[in-house]
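I opened my notebook to follow a few places in this structure.

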Amino acid sequence: MEKKPAMLLILYATQTGNALDAAERIGRDAERRGCAASVSSIDDFDASSLPHRDTVIFVVSTTGQGDTPDSMKLFWKYLLQRNIAKNWLEGVHYAVFGLGDSGYQKYNFVAKKLDRRISDLGATAIVERGLGDDQHPSGYEGALDPWMSSLWIMLYQINPKFFPNGPDFVISDTTLIDRPKFQITYLETDKVDLQSSSATGLDCVQMQTGRARSMSPGKVSHIKNIPDCFLKMIKNQPLSRTGCGKDVRHFELEFVSACALPSVQTIQYGVGDVLEVLPDQDPSAVDAFLQRCNLNPESLIIHIALSRNVDIFSSLTVTYSTGNVVHPIGIESHHRDAEGNDSKVPIKLKTFVELTMDIASASPRRYFFEARMLPVLIVVVLPQACAILLSYTDNPFLIQVMSVFATAEHEKERLQYFASPEGRDDLYQYNQKERRTVLEVLEDFPSVQMPFEWLVQLVPPLKTRAFSISSSPSAHPNQVHLTVNVVSWTTPFKRKRTGLCSTWLAGLDPQDGVCIPAWFRKGSLPPPPASIPLVLVGPGTGCAPFRGFVEERAAQDLSGAAAPIMLFFGCRNEENDFLYKDFWLSHAQNAGPLSIARGGGFFVAFSRDQPQKVYVQHKMREQSERVWDLILEGASIYVAGSSTKMPSDVMSALEEIISKEAGVSRETAVLQLRRLEKEGRYHVEAWS
């Protein structure tokens, strides 16, 4: 009997989904070369079992200012344990590919530190770590392609069992079977007793949200399917002057209902926390997508993910039966998922699309255009269950996922070019740079008609959007406030784009009482004790979390004088975008938390109100002595805002302040600032 190849384990850590895409691409390329591969999120992997793995590929992204993705935090904490022996990973072979942006100060920091730590623990690198750069003309794929080529060559040299026919061999079109990951069961609407029929109002919305997102293959690991609660907007207030070139809003959201714990009747969060919101999609865009793809919006579906650990060399689809429904092997038969959603309850196809598939905001994955194998579908009717089950045979034929469905020859040729190495850069310009949506791409190729099971696999998932909370629960019980820049931009080809979630929120009328699915999570800014002085730097919407800090400190003053706050805020013009002007000034007077009399202060940089631009770092240098005095008093430093140059400019200013006021060299000042970081007295939350 022919030996099967070794299984290649690929672990990814992603915040936005790019590392998942890259990991799946590595897995697909391995399988095409005859190497079985398993792709898993790093938070689904038991870190203690790492020494028992022969070969592991890590694909990790860097977020913010060198932060690990949420899904990687526990794994990384485990690796940093002091009691782990230096030879703990001896005999393990590994490779690391990182995704980052060279415009950030800590470019691919997570990949670099993971590579060092794995190596320090005794593992052997297969190839030098690869570093994908968003600034490259082809994005991270500009580095991924050559890195994979080297990986396969070196992996073959280490263990030929991974590639029984060599690393350059590609499984023939008539042999390779690439099974879709998902089984879809359609139920006849007139013969199904829907659970949702007895649920009304908010209960129905909650059930549908949890059910749809529990079925979605594109879930972000740190987000639960069921929202923590539903909120409604009670205030939608512009903070910037109309016509100034930007639209910044203050939103006040009020608690409606808790989902996970219905007995809870209040919002529970802390200052510095983050609110994640699931946005509604434009109904007209959803309808256009359904019509374009010839989908019946009233169809009822049950969608169950397949295990990735499927033997791609098997020529049979092996199934086992439980009752009247047939499941592929690798699917657990169960009635409820981990969050209590009834896995047998169907949901309307339109609702599934609305809640899980980003059809009019995100750009399609490159996988949308890649060369793939499509199995022939067999439709099996199960009368007793009133269901249609999609199963698969072993008669594949080579396609490019879109091009195989294209009936127009010129469309087919263009899609094949995009999928080729020669067309990679043009595809990047067409797709990612222009931020074309799935709907737009499908409309650009009108002859393409894709089955729904492929759309489910290929369309990017609808993700929650994260916002720093700009309120304190002490000041606003049962409310959460957000400070949101309504995103809009122009693409290289002068196409107008807007942010899905910010635009949706800005368009909500508080009188309509729309229920907003929301999740709370900890951010990068831990709440400080009342006794700790603070130096806060938050230009633009970076001031959002610090509004909550100031409110909390003012509430703490009622129980006794809390430590002072020094806040540096920046904007373009005093008349256009001086966010929360009255709020800051009121707390800077009458011995408030920001008052100079208390040892604090409020300092504003208006970058465009004079010929020479002035930023927050300039104001910090002007207050050099005050900043240093607070640091000596044990102050913690918090920085929030744009992730481009601001965080590094602020750090540079602090290095200058320490060097000047302490009378030490710049090198010593750098070391002192690093010590503040290690002591938990320097925090950064940045976003692009």
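I count a residue as buried under 20% relative accessible area, exposed over 50% and partly exposed in between, using a 1.4 Å probe and protein chains only. Helices (H or I, at least four residues) and strands (E, at least two) are DSSP runs, numbered from the N terminus.

I noted the ground rules next. This is a predicted model, where local features need pLDDT of at least 70, side-chain atom pairs count only at pLDDT 80 or more, and totals for chains, interfaces and linings use all residues. Residues are numbered from 1 along each chain as its sequence is written, and side-chain values use heavy atoms, with hydrogens and water left out.

**Entry 1: the start of the chain**

I looked up helix H1, residues 18–32. Of its 15 residues, 13 are buried, so H1 is largely enclosed by the rest of the structure. I then checked its span. H1 reaches 21 Å from its first C-alpha to its last, close to the 21 Å expected at 1.5 Å a residue; the expected span is 1.5 Å times one less than the number of residues. After H1 comes Gly34, with a positive phi near 90°.

Which strands go with H1 in a β-α-β unit? They are E1 and E2, and the unit is right-handed. Right-handed means that, with the strands pointing away from the viewer, the path from the first strand over the helix to the second runs clockwise. E1 (residues 8–13) and E2 pair in the parallel sense over 5 bridges; pairing takes at least two DSSP bridges between two strands. I found Leu8 opposite Ala37 in E2. In E2 (residues 37–41), 4 of the 5 residues are buried, so this strand too is largely enclosed by the rest of the structure.

**Entry 2: the annotated site**

I turned to the UniProt record. Its unreviewed entry places a "binding site" feature at positions including Thr541, Arg608, Val616 and Asp649. UniProt positions are given in the numbering used here, feature names are shortened, and annotations may be inferred rather than shown by experiment.

I took Val616 from that list. Val616 sits in helix H15 (residues 616–622). Is Val616 buried or exposed? Its relative accessibility is 4%, so Val616 counts as buried. Leaving out residues up to four places away in sequence, its contacts include Val537, Pro539, Phe568, Phe569 and Val650; contact means heavy atoms within 4.5 Å.

Asp649 belongs to helix H17 (residues 646–662). At 23% relative accessibility, Asp649 is partly exposed.

**Entry 3: aromatic rings**

I searched the whole structure for aromatic pairs and got 18. Rings of Phe, Tyr and Trp (its six-membered ring) pair if their centres lie within 6.5 Å; planes under 30 degrees apart are stacked, over 60 edge-to-face, and the rest tilted. The rings of Phe568 and Phe603 have centres 5.3 Å apart and planes at 25°, so this pair is stacked. Phe568 is in strand E25 (residues 565–571) and Phe603 in strand E26 (residues 601–606), so the pair ties together parts 35 residues apart in sequence. Both are buried.

For Phe583 and Trp584, the centres are 5.1 Å apart and the planes at 75°, so that pair is edge-to-face. Phe583 is buried at 14%, and Trp584 is buried at 0%. I found both in one aromatic cluster, whose members include Phe569, Tyr580 and Phe602.

**Entry 4: a loop residue**

Last, I checked Lys645, in the loop between strand E27 (636–642) and H17. Lys645 is exposed, at 57% relative accessibility. Its C-alpha is 7.4 Å from that of Tyr104, 541 residues away along the chain.
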